[in-house]
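Here are my notes on the model you sent. Please read them with the structure open.

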Amino acid sequence: MYVYRLMLFLVLGGYLLSPLIMSGWATPGVAWYRPFVIWGVLIALTLWLEQKRKLDER
Amino acid sequence: MNASLAGMLGVGGGFLLLLWLCALAVDRGWISTRITRHPLVYALALGVYASAWAIYGSLELAATSGYGYLTYYLGVAGAFLLAPVLLVPIQRLVRTHQLASLADLFAFRYRSRWVGTLITLVSLLAVLPLLALQVQTMGNAIYLMTGAASPATLALVFCVLLALFDMTFVGRRRIDGRHDSLLAVMALSSLIKLSAMLGLGGFALFAVFDGPADVQAWLEGPGQAFQASVVQTDPAHWRSLLLLFFAGLLMPHIFHLVFAETRSRHTLLQASWALPLFLLLMALPVPLILWAGQRLGADAPLGTAYLAFGLSESVGLQALAFLAGLAATSATTLLIALALSGMLVNHVFLVAHPPEAHHDLYRWLRWLRRGLVTAVVLGGWLFYRIVGVHHDLTSLGLAAFVGMAQCLPGLLALLYWPGANRRGMLAGLASGILVWLVGLWLPLLTGLPALVLIPPGGEALAGEPTWYTVTLVSLASNALVLIVVSLATRTSEGERAAAEACSVDAVIRPKRLPLEAANGEAFKASLAHALGESVAAREVDHALDDLGLSPQDGRPYVLRRLRDRLQANLSGLMGPSVAQDIVDRYLPYRQDGPGATEDIHFVESRLEAYRSRLTGLARELDGLRRYHRRTLTRLPVGLCAFGEDGELLMWNDALARLSGIEGASVIGSRRESLPAPWGELLGRSIAAPDSHLYKQPVTLGGTTRYLSLHKAALEGSDSDPGGMVILVEDHSEMKWLEDELVHAARLASIGQLAAGVAHEIGNPITGISSLAQNLRYETDDPEVLETTEQIQQLTDRVSRIVSSLVGFAHGGRHLAGRELAPVGIAEVVDEAIHLIHLARSREDVRFDNRCPAAERVEGDAQRLLQVMVNLLGNARDASGPGDGVTIEAVPEGSGLRISVTDEGAGIDPSMRDHLFEPFTTTKPPGEGTGLGLPLVYSIVAEHHGSLEVESPPPGSERGTRISLWLPRHQKEGETPR
């Protein structure tokens, strides 16, 4: 359940704060691929949580 | 405009042929199920979400809103990141109750067929703009590729081809309620569009630009002019877009694929990272294509959405842009038509015209769905012709997503608020839909200005875009009305039960009631009234197969499971409302039976199945439950439990061993239907006024066993189930020991009696014998001498009897206080043979002593000699002239088995059970005292040995074998064998 709470927290937090992150993307000097890097990190985090869940359920 | 029309039709036809071949290969099993059922195939199939909007619409949005285009991908990716708390509970419901669509789920939860109908109509209205978007992009793409004058006609040809292709899926047999081939086709489409998009992105990055650094340099240099025209998305708009695309999950085709086609929870959780990854790869090329087009100053006659076509004059690159769009539009249109036709059948047609006993219900349903598939696809084309051509992709897409988002409050209430009821949901949905219709949908259709209903206090919304205002107002009014009406109105019992079944934290307490139908055959007969004979038989057989049951099984538990399974299967066929109506009407519960009680066995079996999903305290409690369950199951005493209605709930391992009946075959039965003698025996215990029934004789496996039964009532209260628990103890061994004890006590009392009699008779007899002796010396009269001789012979006989009686009476005391010594058994037998021969009687009987000289037993030599003399004497007396008596000794366990075998007439079976009782003899009167064998028994018992009689011995037709088992003498250093 802790894993789910963490996920809920991340997604809701991300939802509320995403405009702040987004405003930074359009700033000159910021690498154009930054949003995709952040997105990739989120996917990696989800994958890690999924692996952890599988281990927990064994 | 380089490609020919025929070439484009060839690409389109070839693409559809490829999809058809893929479906065929999966259906025929040419592709291994390990591949087709792999979680990654499912995740790729979910890529159908990336419709034509993802290929063309995103470019349009990226050009005007910059990174705002990402909301389309991030919204649904967020929903998948929440898979464990949002998607998995819905998947559990959908799988348990065989629900195939959002309308099914709503109709099930809010217990109303009209709710299902309303959701279906909302879905239909919402997806029409989305379908129009697909058709519009396809028409425009064909126009851009060929320059054809009538792209709408070409789009119509394409739609007809799609409808025909879609029909093949309607007729396909379903495996486990899912289409493997449909998933494979969707996955292949996703793979093609992803490859095409990555190809376009790669061209932009490495052919137009010189890698990522060059892109950065261009953006900070010449590209700034283009970036200046981009209006960055307002934070509030960004959040609203995220929410709308989050609700994209509720689109009929996405819902169908995510929940109805998913193979397992594991598959869905794998998709929680795999789908966002797919969407990331789809989104990445979008800005690259846009910037490449801007850098090249690419021509885009139909708007920035189709910029990819202008990146190069190369037909190959344009074909790639066309193929990406073709794969996206085909997959989306196919799946929308398929999912929506199912919803229309279940929630509009079958509700309006309940299925009569059609001659062939399956055929009728199949053709109905095929017709609806065609109608949906052509409806999309028609909407495009009337509406789509006048609007851009963003307007069409947003209209669809805002409409579908109206189901979001109802869905969240379904999962997390058991207090929500039908009236609240309907009122909320109606208010939201009204705002959406007048604010977005109708203006789209009619071209009239949008009527945005801004509530008092919402004046700040006045300058906002219409889509944003409509989204906020419709969702707020929807949620608010749902809450207020639900709180203000009464919730029905049915809704409350369904709410418990749907709620994430539900405590599901299924009840059990007896059914009127007695077995599977009766189910078929009842359902035939609704479905026709053949369909009813097929559905019942299918359900029995699913559960692995026999049609003759009449256990109430089994019948309830069969009813549930039938309802679920029928729900998959014709929706939950119709399925429930049919099952309630034709498979009713008995009204005269006992009241509803909790179905403990079902709860347990479900807990077993869901174990891996329990976490935290629930898991701890489940561990405790398993421990107690195991304790009862492994209890070395037989245990069974009955519910209040007399249904068997538990039958533990010990009882299964004792009865030879496996628990799985009887649990769920009524007591009366248990195999003999259990039904009657347990009934006797339940009916008895006393809590205990001792040593009830029962014939089990041909032998008589003595069972003791102890019962206790499981006191029922409002919350705890009642019933009865019965312990069954096998007391057969104890009964045998008790019988032995009684026998021994009888022997002891006879011994005491014999000792007294011997003492009283002994003295007078000695006197008589002495007087007779004296008389012989005082007379020469031959008659008197003969008489005295006879008197002496008779007194001798009486003396022998008395001596035997005394010997028997003293049995058991002789060894007390005496040390046992090693006794050579061969020597004892030799001495006994010698003594027997001294009697000069029956000298024609041969004795053969085969005992090994080295074998010794622990005992008293004199007492054992007495045993052997008695046994050999009996053997001799029973033998005929020339017969042999064999004495053998073989080690057995820690002792020695000594057997005396004769070839005589044997022992009458009627005498065999009384052989060791005093005064029992097979000899003629005057020849035997009947004390020999009781004495042998007594002495052998003193030596802690045992005695067996076989008459005739195994392998012989006549004779008797008496075997003694005596503890063997262990030499020092020798271990017992």
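Which strands of chain B does helix α32 lie across? I take that up in point 1, then move to the sheet and to the contacts between the chains. Keep in mind throughout that this is a predicted model.

1. Helix α32 (residues 678–687) of chain B lies across β3 (638–642), β5, β6 and β7 (724–730) of chain B. The angle between α32(B) and β5(B) is about 170 degrees.

2. An open sheet of five strands in chain B has the order β4-β3-β7-β6-β5. The pairing is antiparallel. Strands of a sheet pair through backbone hydrogen bonds. On average, neighbouring strands of this sheet are turned by 25 degrees against each other, direction ignored.

3. Which strands stand at the edges? They are β4 (648–651) and β5 (692–700) of chain B. Each has a single partner strand, so one side of each is left without a neighbour in the sheet.

4. The partner of β5(B) is β6 (residues 703–713) of chain B, and the two run antiparallel. Seven bridges join them. Within this pair, L693(B) stands opposite L709(B) in β6(B).

5. Now the chain contacts. On chain B, 29 residues are in contact with 25 residues of chain A. The elements of chain B that give two or more residues to this side are α5 (71–81), α6 (83–96), α11 (212–220), α13 (235–246) and α15 (265–283). Of these, α15(B) gives the most, with six residues.

6. What is the make-up by class of the side of chain B that touches chain A? There are 19 nonpolar, eight polar and two charged residues.

Technical notes:
Residues are numbered from 1 along each chain as its sequence is written. Chains are lettered from A and ligands numbered from 1 in the order in which they are written. This is a predicted model: local features need pLDDT of at least 70, side-chain atom pairs count only at pLDDT 80 or more; totals for chains, interfaces and linings use all residues. Two residues are in contact if their C-beta atoms, placed from the backbone, lie within 7 Å. Helices (H or I, at least four residues) and strands (E, at least two) are DSSP runs, numbered from the N terminus. Ala, Val, Leu, Ile, Met, Phe, Trp, Tyr, Cys and Pro count as nonpolar, Asp, Glu, Lys and Arg as charged, and the others, Gly among them, as polar. Two strands pair if DSSP finds at least two bridges between them. Axes are lines fitted to C-alpha atoms, for helices over the stretch in contact, and angles run from 0 to 180 degrees between N-to-C directions.
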